[in-house]
Each structure stands twice: as C-alpha cells, then as structure tokens.
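Subject: Structure for you to look at

Hi there,

Here is the structure I promised to pass on. Have a look around it, then read my notes below and see if you can find each feature yourself.

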Amino acid sequence: MLHRRHFIRLGSLGLTAVSFSSFRSTTKAGKKPLVISTWREGINANKAAWEVLRQGGRALDAVEKGVMVTEDSLNCCVGLGANPDREGIVTLDASIMDENGNCGAVAAIERIKHPISVARRVMEKTPHVLLVGQGAQQFAVAEGFPLEEQKLSDDAKKAYEQWLKKSEYKPIINIENQGKHSFVPVPNRLENGDFNHDTIGMIALDANGNLSGSCTTSGMGFKMRGRVGDSPIIGAGLYVDNEVGAATSSGLGEEVIKICGTHLVVELMRQGLHPEDACKKAVERIISKKGSKIKEVQVGFIAINKQGEYGGYAIQGGFEFAVCHADDKNFMVPSKFIIK
Ligand code: SD4
C-alpha cells in the first residue's frame, strides 16, 4: 500500500494510484536456480542462461551468455542493430557483476557486437571498472573482439531518417506499450519505426546459491553524442550483493542514476523487504523526486534475493519481465506499477 501522505501527493498531481492484486508478479516461495530478465526478449535470453544454470554452471556465465543472445539479434533494441545517437552512430553500454562484488562495464562503445563480454574482460583483466568510448573499443580490439562495420541496420536507418525530419530530442521511454502487456511475440519495431525499449537486464541465482547480473543497452535512441545512461553504472542499472540479492533496471536512465536505483533496491532487500516491495520503494523514490513530470517517465526494476524470491515494479504500466526456474518454466510476468 502507498503511504497516505504519498497517496495524497499523487492525487494532487492528478494521478491515480492503482494496485493490481490480480497480477502476480512475485513469488513467496524461493526458486533455485533462477534467472529473470527485462522485457519479452528476456524469454530467449533466459533460455541461454538456463542452459548454464541447469548444468550447475555459474550465475556469472549464465548472465553473460543470456544477454549475448539479445545483443546478437540484429533487428533488436539491444546491440548493433539498435537506434543510433543523434549523429547517426550506434553506441552501446553494458555492465556485469559477480558473486564476489567484482564488476566491469563499458560505455559509449562503438562497432563491438558483444559489449557484455567486453565488460566482463574489463572486470577480469583490468584494474578498472569502467572503460568508455575509444578506450573501451581499443581494449576490446586488443582482447580479440572483431571490429564490426559502422553501419545502421535497415530499420534503424529508417527510424533515424524519420527522426531527422524534426530532430527533436523527446525521450518518452518505455511507455510505448501504453500500459498493455505483450505476451505474444510482436515486432521489436513499433509502427512508427521506433523501438519499444532498448535494454536487457538479467539477474541470476545459481545452484550453488551465488548471484550475478548483467545489463546491456543501446541507450536511448537519438541521444546526445556521448550520453551514457544507467545500464553501465554499477549501483544504477545493475547491482549484486551476494549476501542479499541482485537488481537491474530499464527505463529512463537519468532518473535511475539520480537515486542509485539498483543499489537502493538491494539495500532495501538487506533491510528485509521482499524483492517486489524493494522495487516498489525505489520506484516511489523516483516518483516523489520527479513531481508532476512523472507522467513522462518510465522506469522498471526487477530483483531477486538470496532465497530465490523475485519481483518487479514500474512507474507505469507496460513493463514486463521474463522468469525462468525450470526447463518448462520460462514465462512473462507483467510488472505491477504505480501511476495510471
Ligand atoms: C538508458 N536505461 O540508457 C537505458 C534505456 C532503457 O529500455 O532501459 N531502455 O537509459
């Protein structure tokens, strides 16, 4: 339930607080192994992650392998087929974190197909956490990652040409579903040529009880050159604490960064909150800071705890996540949300 004071505040903004008790986006009984990931691309990504987990593999390998599937799919929101920045160049961000608190990330990397694997190399082979831009690319090439052609996918080209007509930077992110959940596969591109989201975040608990997470994105379509969102920022788009739980996010990265979103979710779980309640509290934090402009913002968090309980919460409807905890249990869950 929302606090009364909070409810009044939303009311004064002309917004409605809703509770969707019929939606079950959580489990009270923990599952192990378990992998969950954002959006419907999560289903395919979970399959690859599950292959690792079911054989007793490490959560870290699962979350890398899982999101590589999404990065691979050229006509997708994530990876080199995604929308470019406003100069027409695709730049990618990614982060990864393991059960020992090690982490690595790349931001604004170009022409590299698997930024998540470069992020893992940053974690494992350098004394650093985050490499950006040309330096990140140089490191990737030195590590043997092929430099792909600088070329927009056909769909991205079309969307960019469309965008150039007005060249307006209007980040209305992840609310394109307009509150509808999509359980049947639909084209990644919307009718206007845009994507309906640009990120996959994945978190997993392996058979040994260890947690890891990954997050990879093209950021926001037609962003300013050099813009970096929450996804490669540890504690914003991804956080893992093996004693407690793991969280990742999707949506307007600037708002996630401002509240150190996934770190907040994990700290709330440390205080004893169920993953869903922790995600909800983080969402409420964004809402209380954003005031009347909240209608233009979508952010969704997903989380799992050490016991294998999971949950998610979003500001607005439309956010959904994929959950997998058995060979025949890989399914979409509509996230609960606050603002209607
Ligand atoms: C970003 N959080 O770069 C990402 C965008 C996103 O679905 O999640 N899109 O801000």
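The shell around the ligand divides into two nonpolar, nine polar and three charged residues. For this sorting, Ala, Val, Leu, Ile, Met, Phe, Trp, Tyr, Cys and Pro count as nonpolar, Asp, Glu, Lys and Arg as charged, and the others, Gly among them, as polar. In total 14 residues surround the ligand, and the closest are Thr199, Arg227, Asp230, Ser250 and Gly251; a residue is near a molecule if one of its heavy atoms lies within 4 Å of it.

Please keep in mind that this is a predicted model: local features need pLDDT of at least 70, side-chain atom pairs count only at pLDDT 80 or more, and totals for chains, interfaces and linings use all residues. Residues are numbered from 1 along each chain as its sequence is written, and side-chain values use heavy atoms, with hydrogens and water left out.

Back to the ligand. An oxygen atom of the ligand lies 2.8 Å from an N or O atom in the side chain of Thr199, and the side chain of Ser250 also has an N or O atom 2.8 Å from a ligand oxygen. A polar backbone atom of Gly253 is 2.9 Å from an oxygen atom of the ligand. These are polar contacts (pairs of N or O atoms within 3.5 Å; within protein, one must be able to donate a hydrogen and the other to accept it, and residues adjacent in sequence count only if both atoms are side-chain atoms). How much of the ligand's accessible area does the protein cover? The protein covers 100% of the 290 Å² that the ligand has on its own. Such areas come from the Shrake-Rupley method with a 1.4 Å probe; for residues, only the protein chains shown count as cover.

Now the whole chain. The protein has nine helices and 13 strands, which are DSSP runs numbered from the N terminus (helices: H or I, at least four residues; strands: E, at least two). Of its 340 residues, 60% count as buried, meaning under 20% relative accessible area, with exposed over 50% and partly exposed in between (1.4 Å probe, protein chains only).

In the largest nonpolar core, which has 49 residues, Ile36, Val265, Phe301, Ile304 and Ile315 touch the most other members. Helix 9 (residues 275-290) gives this core its largest share, six residues. A nonpolar core is a set of buried Ala, Val, Leu, Ile, Met, Phe, Trp, Tyr and Cys residues joined through side-chain atoms within 4.5 Å. Beyond four places in sequence, Ile315 touches residues including Val283, Phe337 and Ile338; contact means heavy atoms within 4.5 Å. Ile338 sits in strand 13 (residues 336-339) and counts as buried because its relative accessibility is 2%.

Helix 8 (residues 261-270) is mostly covered, with seven of its ten residues buried. Among them are Leu264, Val265 and Met269. The buried residues of helix 8 pack against strand 7 (238-241), strand 8 (245-251), helix 7 (253-258), helix 9 and strand 9. After helix 8 comes Gly272, which has a positive phi near 110 degrees.

Finally, find Asn305 in strand 9 (residues 299-305). Is Asn305 buried or exposed? Asn305 is buried, because its relative accessible area is 5%. Its side chain reaches the backbone nitrogen of Gln307 at 3.0 Å. Leaving aside neighbours within four places in sequence, the contacts of Asn305 include Leu205, Val244 and Met269.

Happy exploring!
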